[in-house]
Amino acid sequence: MPFTLPALPYAPDKLEPHIDKQTMEIHHGKHHNAYVTNLNKALEAAPNLANLSIEELLADKASKVPEAQRQAVINNGGGHANHSLFWVTLGGNGGEPTGKLGDAIKSTFGGFAQLKEKMEDAGVKRFGSGWSWLVQKGGKLEICSTANQDSPIMTGDVPLFGIDVWEHAYYLKYQNRRPDYLKAIWNVVNWDEVAKRFK
Amino acid sequence: MTDFSRRNFLVTGAAAGAALLLLNGRGSSLLADAKHELPKLPYAFDALEPHIDAKTMEIHHGKHHAAYVKNLNQLIEDHRIENLPLEQLLANNAKKISGDFKGTFINNAGGHHNHTLFWSTLAPNAGGEPKGELADAIKSTFTDYAKFKETMTLAGMTQFGSGWAWLVKKPDGKLEVYSTANQDSPLMKGDKPLFGIDVWEHAYYLKYQNLRKNYIDAIWNVVNWDEVGKLYAAK
């Protein structure tokens with residue numbers, strides 16, 4: 001069952017001025033699209049995996065995937081999972097998380113400001129390409145980063161919100177100024193969507 | 001080719017050296033305060049147009065490479081790293097560097113070395129094909145120049161995420177092509193980098209966006225084969 005590129009839940013200029021329209025178009029239509037295409041291509045060589053969900057494919061460092069296809073599935077399957085979450089957890093009005101998630105952020109990190117600081121720091125410190133993550137790990141909230149398209153799903157964690165720090169995510173507007181992009185993205189987080197994933 | 005030891009005053013010159021002496025309140029040797037320097041670009045920002053755009057050259061050199069140099073100098077100061085050439089500090093997977101900052105050292109020392117080589121092996125009105133000894137070696141290793149380009153292009157295309165594609169000279173003198181991740185340098189494996197293609201997205205995104213292949217195809221127009229040939233021939 002081939003994977004498909006999900007439609008952006010909003011127009012590509014919805015996140016302006018924080019994330020520019022051209023970046024959204026290319027990021028979704030070219031980069032994410034390529035991950036989907038290449039994921040399906042990699043899975044052609046492993047037809048017995050055809051009915052697995054992306055979570056099942058990535059679980060346990062993609063152990064279900066034959067070694068010959070494993071890295072391609074990690075790269076492209078991770079890319080597909082990561083970006084699918086990215087689009088739906090953006091497009092909001094920013095602000096602060098409330099309810100159960102808001103409380104957990106307060107008790108775990110001290111408050112929303114501390115969450116932002118830690119997640120921005122994780123994003124700045126991720127050398128090369130990767131993601132900064134807010135995850136649920138064994139019930140608890142945690143912040144971490146991964147390299148390339150590695151997904152927290154691979155290590156049994158639940159990704160709640162990820163910030164793409166591959167240069168393609170911000171270079172057209174921010175160039176080398178990754179910290180400025182990290183500061184800006186909080187303006188467009190959809191906390192309702194993030195909260196849905198927090199159990 | 002720029003000497004990578006900290007005792008390098010080719011760029012800073014005697015005047016800056018005197019300034020260091022004046023500013024050094026600790027009274028230690030002048031040479032102990034020598035730092036790594038961002039080398040000047042050997043050509044104008046727009047010299048490699050249209051293949052590599054001026055804005056990218058300006059930011060790539062003045063921001064990205066400059067940051068590697070700044071961070072490297074800070075690490076050297078903070079951890080009192082030996083005043084040795086980067087080739088030695090990076091050798092054997094940076095064996096001489098121990099501590100939890102080893103990875104950061106590799107990132108910034110590799111970044112500085114890689115980019116310094118990059119600027120010097122690109123040039124305006126260049127491209128074409130290598131000549132002499134290097135051309136012969138390319139023929140005998142890869143069959144011909146076209147096959148070599150194909151091999152190096154593939155290395156650049158298949159490096160997932162950030163990294164470099166490399167043409168290197170191995171310790172036994174043979175040529176090889178491979179890619180490394182992030183700012184890892186062939187020096188770490190004891191190889192001599194001759195020419196590298198930066199495939200970090202910052203190297204091409206403003207002009208090429210996701211089209212990394214088009215960037216790699218274009219860069220062959222600005223390779224300074226004379227400089228690469230010199231590096232190959234040097235002992």
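## Hairpin S1–S2 of chain B

In this predicted model, S1(B) and S2(B) form a hairpin with 5 residues between them. B:Gly173 in the turn has a positive phi of about 90 degrees. Strands here are DSSP E runs of at least two residues, and helices are H or I runs of at least four, numbered from the N terminus. Strands pair if DSSP finds at least two bridges between them.

S1(B) covers residues 163-169, S2(B) residues 175-181. The two run antiparallel, joined by 7 bridges. B:Gly163 stands opposite B:Ala181. S1(B) also pairs antiparallel with S3(B), residues 192-198, through 6 bridges. There B:Leu167 stands opposite B:Phe195.

## Burial of S1

In S1(B), 7 of 7 residues are buried (under 20% relative accessible area, 1.4 Å probe, protein chains only). B:Gly163, B:Ala165, B:Leu167 and B:Lys169 point one way; B:Trp164, B:Trp166 and B:Val168 point the other.

## Interface with chain A

18 residues of chain B contact 18 of chain A (heavy atoms within 4.5 Å). The buried area, meaning accessible area lost on being put together (1.4 Å probe, summed over both parts), is about 1800 Å². Carbon and sulfur atoms give 63% of that area. B:Phe160, B:Glu201 and B:Tyr205 lose the most area in chain B, together 39% of what that side buries.

## Conventions

Residues are numbered from 1 along each chain as its sequence is written, and chains are lettered from A and ligands numbered from 1 in the order written. Local features need pLDDT of at least 70, side-chain atom pairs count only at pLDDT 80 or more, and totals for chains, interfaces and linings use all residues; side-chain values use heavy atoms, without hydrogens and water.

Key. Buried means under 20% relative accessible area, exposed over 50%, partly exposed in between (1.4 Å probe, protein chains only). Buried area is the accessible area (1.4 Å probe) that two parts lose on being put together, summed over both.
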